[in-house]
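Here is a short report on one chain. Look at the sequence and the structure first, then read on.

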Amino acid sequence: MTLFSEYLRELMQTRQMTVSELARLSGIERTQLSRTLTGKRMLPYHALDELIFHLKLPPGEEKVLRLHYDAQFEKEGIRRSREMISSLFGNLACLDFSAPAFEETRLLMGLDEYVGERSVFHGETNVQFLLRMILSVEMARPDARLEITVPPSDTFLTGELIHRYLDNKTMMDISQIICFDAASTGTDINLHNLDCLCRILPICLLSRQHYHPCYYYDSNLSTRYTDPFPYFLITHSCVLCLSEEGTSAMLLRSSDAVSYYRRHFRALQEKCYNLIHYTTNPLEILSSYQRCTEEDGFYIVMDQPCFGRFYVDDFVSNHLRKGIPDYKEILQAATERFALLQKVSRFYTFFTEAGIKRFMGDGTLDDFPVEIVEPFLPKERSKLVKKLAAAIKSGDVTGRIMQEGTFPSYLAMCTSADQSIGFFTTRPFPLADGLCSVQVNESNICRAFHSWMMHLPVSRLVMTAQETADVLEGMDNDVQNERRAYEKTI
């Protein structure tokens with residue numbers, strides 16, 4: 001049974017309406033409606049309007065019903081990609097940056113003592129214990145470095161790296177080679193490649209630019225059966241070779257083996273593409289935003305709305321602090337960027353009520369710190385919010401308020417159809433000084449995240465356009481009333 005048929009049945013039960021009654025009112029043949037409710041037949045599009053009218057659906061329920069109807073015609077891979085991305089952002093939104101509940105203070109024995117004369121280890125628990133010990137030994141070095149070919153689907157290693165970066169226990173440099181599936185064609189979204197990025201993106205954000213993944217394409221992702229240890233990781237003192245399932249490992253500790261594998265890794269690396277690009281330079285961040293903006297479309301999601309469509313040249317120059325490094329270059333880049341945003345016909349901005357309240361309260365921007373951009377005055381905040389509300393109601397801007405937990409409050413994402421994705425840490429991000437841009441240029445992955453963004457307006461994750469505009473106008477009125485009440489007391 002499809003989601004459409006399930007939701008339609010739920011709506012009928014809520015209204016205590018039988019199949020016969022709805023068929024009579026809507027003019028839809030009873031047998032056709034019955035087969036629709038069992039997921040065996042799809043209704044023609046014109047019949048959907050009749051159902052919505054006679055079920056007397058409010059805008060929210062109408063949107064969900066149309067969403068489920070459209071989902072019947074889309075590819076399964078596209079739907080699954082949206083679920084994967086929503087899960088990624090939901091997990092990032094819940095990420096706990098507070099102090100850990102416990103920490104490993106010391107190893108109970110040295111690596112030599114634990115390994116003894118063994119070189120091959122069997123059993124998932126033994127392999128994971130060995131891997132954790134090797135990581136701890138390497139992390140104790142001031143020049144700690146790790147080179148790995150283990151796929152991101154290895155949840156134990158991925159979890160260990162996230163845990164150690166999150167707890168601020170290491171600044172270890174990590175290089176990783178990832179195999180991407182070359183099978184996707186046309187507009188298909190490759191779920192293997194998307195899953196790889198979803199698994200490593202938290203490491204990219206937490207590593208303070210110390211994690212560097214690269215990738216290559218292969219039409220056959222399965223490793224050769226003749227190689228019992230197809231994956232490996234290299235430290236200064238050893239090489240750990242891992243089986244396909246991660247249940248067996250071979251430890252190599254000679255300097256010759258370490259040197260050989262390191263040369264082999266570097267040779268492979270030269271044939272790969274860099275998956276991400278980092279920068280903390282404000283000028284480069286503006287350029288990153290510009291690369292993610294299409295000639296006729298701009299798409300962004302972050303805690304605060306993007307007001308860039310309503311900035312004029314004087315507005316930009318008046319708020320950019322004069323004494324910052326590269327002032328002229330940043331001003332020119334910002335002016336060019338906002339001039340483009342004023343012209344694009346498709347302008348999408350998704351945000352939260354909390355983000356709007358924060359902007360209305362102090363006038364600061366999440367994506368540019370106060371050291372670069374001066375806070376907006378109360379009158380300017382009010383004017384921008386009113387303009388945004390009016391543009392949303394007129395359809396000039398596709399703006400929606402997201403449900404809490406849909407997207408992390410410390411991140412901004414700008415997408416294009418297949419050119420680039422920009423992930424930008426914002427002011428609430430607790431682990432970095434200043435801003436950081438993480439740029440992804442793999443076209444298939446860009447397509448997946450852009451598809452997720454374009455689907456937001458018809459999803460359950462956001463308010464309707466009218467509801468969003470009402471919240472913006474109501475919030476502005478509340479601030480104005482508070483200001484008037486305050487002025488009467490002084």
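Helices (H or I, at least four residues) and strands (E, at least two) are DSSP runs, numbered from the N terminus. By that count the chain has 18 helices and 15 strands. This is a predicted model, in which local features need pLDDT of at least 70, side-chain atom pairs count only at pLDDT 80 or more, and totals for chains, interfaces and linings use all residues. Residues are numbered from 1 along each chain as its sequence is written, and side-chain values use heavy atoms, with hydrogens and water left out.

**The whole chain**

Along the principal axes, the C-alpha atoms fill a box of roughly 80 × 70 × 40 Å. The chain has 490 residues, and 50% of them count as buried. Buried means under 20% relative accessible area, exposed over 50%, and partly exposed in between (1.4 Å probe, protein chains only). The chain exposes about 23800 Å², with 51% supplied by carbon and sulfur atoms. Accessible areas come from the Shrake-Rupley method with a 1.4 Å probe.

Contact means heavy atoms within 4.5 Å. Take the contacts between residues at least 6 apart in sequence: 75% of them join residues at least 24 apart.

How do helix α6 and helix α17 pack? Helix α6 covers residues 76–93 and helix α17 covers residues 443–455; their axes lie 9 Å apart, at an angle of about 85 degrees. Because of that angle, α6 is roughly perpendicular to α17; the term covers 65 to 115 degrees. Axes are lines fitted to C-alpha atoms, for helices over the stretch in contact, and angles run from 0 to 180 degrees between N-to-C directions. From α6, the contact residues include Ile-78, Arg-82 and Phe-89. From α17, they include Ala-448, Phe-449 and Trp-452.

Leu-88 sits in helix α6. Thr-398 belongs to strand β12, residues 398–401.

| Residue | Relative accessible area | State |
|---|---|---|
| Leu-88 | 6% | buried |
| Thr-398 | 17% | buried |

Which residues does Leu-88 touch, not counting residues up to four places away in sequence? They are Cys-198, Leu-201, Pro-202 and Phe-449. Leu-88 is also one of the α6 residues in the contact with α17. Leu-197 lies 109 residues from Leu-88 along the chain, yet their C-alpha atoms are separated by 9.8 Å.

Thr-398 has its own set of partners. With residues up to four places away in sequence left out, Thr-398 touches Phe-347, Tyr-348, Thr-349 and Pro-457.

Conventions. Angles under 35 degrees count as roughly parallel, over 145 as roughly antiparallel, 65 to 115 as roughly perpendicular and the rest as oblique.
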